[in-house]
Every structure is written in structure tokens, then in C-alpha cells.
Amino acid sequence: MSETPLHPFKGTPAQKRQLEEVIERHLNQPGGLMPVLQEAQEIYGYLPIEVQTMVADGLSISLSEVYGVATFYSQFSLTPKGENRISVCLGTACYVKGADRILAAIEKKLGIKSGECTPDGLFSLDSTRCIGACGLAPVIMINDDVYGRVTPDQIDQIIDSYALKKGGKAG
């Protein structure tokens with residue numbers, strides 16, 4: 001059975017040329033895989049299997065080696081990030097004040113789990129260990145906007161305000 005990806009790869013010829021140039025610059029450099037993956041993620045926004053394959057082929061290394069590095073380091077993402085990136089703090093202060101309920105409310109609203117992106121690409125959701133605003137717990141961030149003392153019943157309104165900027169409504 002073949003699985004259809006939730007987010008089909010949409011790389012452009014210009015992005016491919018850019019990646020080929022990056023690979024060429026690091027081709028015979030010891031440890032070159034890391035900077036290639038970092039720059040590839042800058043070009044594409046994430047590291048789908050198609051990009052990992054291009055990197056493996058370009059550097060003449062195995063796809064499993066590329067995948068191993070891409071999944072080992074938390075700086076790399078194998079899924080696309082949304083136009084609006086939601087981070088829910090699950091650090092101790094936020095967690096004891098109900099951050100798990102905030103995360104559950106957002107997952108329900110958007111129909112995605114932490115680490116995923118909505119099919120329309122408008123929102124992605126991640127949990128984080130600390131945002132550094134413990135006095136405002138529980139805290140979420142959407143892009144660079146910080147929301148403190150959030151309650152589950154505020155989630156619809158907060159998320160809808162971002163969706164409405166695009167002329168739509170989330171969930």
C-alpha cells in the first residue's frame with residue numbers, strides 16, 4: 001500500500017540549483033554534511049525525503065547516514081513548518097498550571113498533533129521545554145507573539161485571529 005504524504009514536496013528548480021551549489025561547496029569537506037543540511041533547511045524550510053536524497057546523492061553518502069543526522073539533531077525538521085508557528089511551553093511552571101490542557105485544546109482545534117503542520121500550511125504546532133516566561137505560565141507563542149496565563153477556552157479566539165489575517169477560519 002502506498003501512502004500519500006500529507007504535504008507533497010513542492011521544491012522548485014531554483015531551490016534545487018541552490019542546493020546543488022551548497023553541496024558543491026562542501027563536497028570534499030570533512031564534516032560537510034552538517035552545513036549542507038543546515039543550508040538545505042534554510043532553502044526548503046525543512047528536510048523532506050526528497051531533499052535528503054539529493055544531499056545523499058550529491059555527497060555520495062548513504063541516505064541512511066543523512067537521515068540519521070537529520071533525525072538526531074533537534075535543529076532539523078522533517079516536516080514543513082506552518083506560516084504561523086505555535087509553540088506550547090511544557091516546562092515545569094507551565095505544566096503544573098495546565099499547559100497539557102492548552103496543548104490538547106490546540107491539537108483539537110487544528111486537528112494536528114505536536115510536531116505536525118495543518119494541511120493548508122497555515123499552522124504548525126510544537127511543544128517546547130521553556131519559553132522563559134515562567135511568571136506568565138501557562139505560555140504559548142505564535143510566531144514572535146507571547147500569550148501568558150492562557151486558558152483552554154481562549155484557544156479558539158487566539159488561533160482564529162491568525163487565521164482571519166489570511167481570510168479564513170481555523171478548525
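Before anything else, a word on "contact": two residues are in contact when they have heavy atoms within 4.5 Å of each other. With that in hand, here are some notes on the chain.

1. **What you are looking at.** This is a predicted model, where local features need pLDDT of at least 70, side-chain atom pairs count only at pLDDT 80 or more, and totals for chains, interfaces and linings use all residues. Residues are numbered from 1 along each chain as its sequence is written, and side-chain values use heavy atoms, with hydrogens and water left out.

2. **The parts list.** How many helices and strands does the chain have? There are seven helices and four strands. If you walk along the sequence, the pattern goes α-α-α-α-β-α-α-β-β-β-α.

3. **The overall picture.** The C-alpha atoms fill a box of roughly 55 × 35 × 35 Å, taken along the principal axes. Of the 171 residues, 40% count as buried. Here buried means under 20% relative accessible area, exposed means over 50%, and partly exposed is in between (1.4 Å probe, protein chains only). Take the contacts between residues at least 6 apart in sequence: 59% of them join residues at least 24 apart.

4. **Helices α1 and α2.** Two packed helices are described by the angle between their axes and the distance between the axes. For α1 (residues 13–26) and α2 (residues 33–44), the angle is about 165 degrees and the axes are 10 Å apart. The axes are lines fitted to C-alpha atoms, for helices over the stretch in contact, and angles run from 0 to 180 degrees between N-to-C directions. The two helices are therefore roughly antiparallel. As for the labels, under 35 degrees counts as roughly parallel, over 145 as roughly antiparallel, 65 to 115 as roughly perpendicular, and the rest as oblique.

5. **Who meets whom there.** On the α1 side you will find Gln15, Lys16, Gln18, Leu19, Val22, Ile23, Arg25 and His26, and they meet Pro35, Val36, Glu39, Ala40, Ile43 and Tyr44 of α2. Sorted by class, the contact of α1 with α2 has eight nonpolar, three polar and three charged residues. (Nonpolar covers Ala, Val, Leu, Ile, Met, Phe, Trp, Tyr, Cys and Pro; charged covers Asp, Glu, Lys and Arg; the others, Gly among them, are polar.)

6. **Helices α6 and α7.** Now compare α6 (residues 99–110) and α7 (residues 155–165), which pack at about 50 degrees with their axes 10 Å apart. That angle is why α6 and α7 are described as oblique to each other. The contact is made by Ile102, Ala105, Ile106, Lys109 and Leu110 of α6 and by Ile155, Asp156, Ile159 and Asp160 of α7. Six of the residues in the contact of α6 with α7 are nonpolar, none are polar and three are charged.

7. **The buried side of α7.** Which residues of α7 are buried? They are Ile155, Ile158, Ile159, Asp160, Tyr162 and Ala163. These buried residues pack against β1 (84–89), α6, β2 (123–128), β3 (140–142) and β4 (145–147).

8. Most residues other than glycine have a negative phi, and most peptide bonds are trans. Look at the bond joining Ala137 and Pro138, though: it is cis, with omega about -5 degrees. Pro138 lies in the loop between β2 and β3. Asn143, in the loop between β3 and β4, has a positive phi near 55 degrees and is partly exposed at 22% relative accessible area. Arg149 also has a positive phi, about 50 degrees; Arg149 sits in the loop between β4 and α7 and counts as exposed at 53%.

9. Val150 is in the loop between β4 and α7, yet it counts as buried at 4% relative accessibility. Leaving aside neighbours within four places in sequence, Val150 is in contact with Ile102, Pro138, Ile140, Ile155 and Ile158. Cys89, in strand β1, is buried too, at 3%. Not counting residues up to four places away, Cys89 touches Cys94, Ala99, Thr128, Arg129, Cys130, Ile131 and Val139.
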